[in-house]
Amino acid sequence: EAAEAAEAEEAALLAASPDGWLRSILDELQQSVEELSPASARRLRAELARDHTPFAPAWRASFADVTAHGVCGVCGADLSAGPLVPAQRARLREGLLAAAAARGPLHGLALRAFGEWVSRRAYKYVVDGANVAYRNQNYDGGRFSLEQVGLLLDELRRRSGGAAPLLVLPKVYLTARLVPNHTQPRVVPSKERAAYSAAEAAIAKRLPDTS
């Protein structure tokens, strides 16, 4: 009975939205199979090329290269990033913890404690502040931009109904009079530091209380 119900549900989805049916199949495949073997990929391509029901459109399936920016090499569409499957997430977590521990036992313990602290909270968004602040700043005169961070935080608050995202940012960017224009942990000459604008200083002042 359960199998018949699942088949009926799949048939109804196919009838209502062939594209939705295909997406549901591919989503399920992505969650259950980390990597397709060449044989399985060829079989999937052959199956997608068939018309299984009168409702099925004429899909064309083929192997394609994907650019570094997520563009399909066959149809030119921008592809959405797929979520990590549980096994990938576990490997990523252990890799990060191992990298932190390699810098010293306290680093590994601190990162593990931070991860446990975050997992007990219901943040919808987590922002890597340094990455956001340095985005598109690789030009002469480019620098750490706290205004970019502030704009993103405001937008994420709007999307989440006013809930503040978690901002992860080295303390030096909020406490130093002159902030470094790089991410490397070394002594920075004064010429490689810059003062915040008035707008950025206002953002820095409110960040500890709002994110």
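**Rings, core and charges**

Let's start with the rings: Phe114, Trp117 and Tyr123 come together as one aromatic cluster. For pairing, the rings of Phe, Tyr and Trp (its six-membered ring) must have centres within 6.5 Å; planes under 30 degrees apart are called stacked, over 60 edge-to-face, and the rest tilted.

Before I go on, some housekeeping. This is a predicted model, where local features need pLDDT of at least 70 and side-chain atom pairs count only at pLDDT 80 or more, while totals for chains, interfaces and linings use all residues. Residues are numbered from 1 along each chain as its sequence is written, and side-chain values use heavy atoms, with hydrogens and water left out.

Now the overall layout. The protein has nine helices and four strands, and along the sequence the pattern reads α-α-α-α-α-β-α-α-β-α-β-β-α. Those are DSSP runs numbered from the N terminus, with helices being H or I of at least four residues and strands being E of at least two. Of the 211 residues, 21% count as buried. Buried here means under 20% relative accessible area, exposed means over 50%, and partly exposed is in between, with a 1.4 Å probe and protein chains only. Take contacts, meaning heavy atoms within 4.5 Å: among those between residues at least 6 apart in sequence, 47% join residues at least 24 apart.

Back to the rings. How many aromatic pairs are there by that rule? The count is five. One of them is Tyr134 with Phe144, edge-to-face, at 5.2 Å centre to centre and 80° between the planes. That pair links distant parts of the chain, with Tyr134 in helix 6 (residues 129–134) and Phe144 in the loop between helix 6 and helix 7, 10 residues apart. Both Tyr134 and Phe144 are buried. Tyr134 also pairs with Tyr173: the centres are 6.5 Å apart and the planes sit at 80°, so that is edge-to-face too. Because Tyr134 is in helix 6 and Tyr173 in helix 8 (residues 172–175), this pair ties together parts 39 residues apart in sequence. Tyr134 has a relative accessible area of 19%, and Tyr173 is buried at 3%.

Phe144 turns up again in the core. A nonpolar core is a set of buried Ala, Val, Leu, Ile, Met, Phe, Trp, Tyr and Cys residues joined through side-chain atoms within 4.5 Å. The largest one has 17 residues, and Phe144, Leu146, Val149 and Leu167 touch the most other members. Helix 6, helix 7 and helix 9 (198–210) are the elements that give two or more residues to this core. If we leave aside neighbours within four places in sequence, Leu146 is in contact with Leu169, Tyr196, Glu200, Ile203, Ala204 and Leu207.

Ser145 lies in the loop between helix 6 and helix 7 and is buried, at 11% relative accessibility. Leaving out neighbours within four places, Ser145 is in contact with Ala133, Gln137 and Glu200. Arg135 is found in the loop between helix 6 and helix 7 as well, but Arg135 is exposed, at 57%.

Last topic: charges. What is Glu155 linked to in the network of salt bridges? Glu155, Arg158 and Arg159 are the linked residues. A salt bridge is a side-chain nitrogen of Lys or Arg within 4 Å of a carboxyl oxygen of Asp or Glu, and the structure holds four. Between Glu155 and Arg158 the closest N and O atoms are 2.5 Å apart, and between Arg159 and Glu155 they are 2.9 Å apart. Glu155 and Arg158 are three residues apart in helix 7, so about one helical turn separates them. Arg159 and Glu155 are four residues apart in helix 7, again about one turn. Glu155 is partly exposed at 25%, whereas Arg158 is exposed at 58% and Arg159 is exposed at 51%. Elsewhere, Glu94 and Arg93 meet in a salt bridge at 3.1 Å, N to O.
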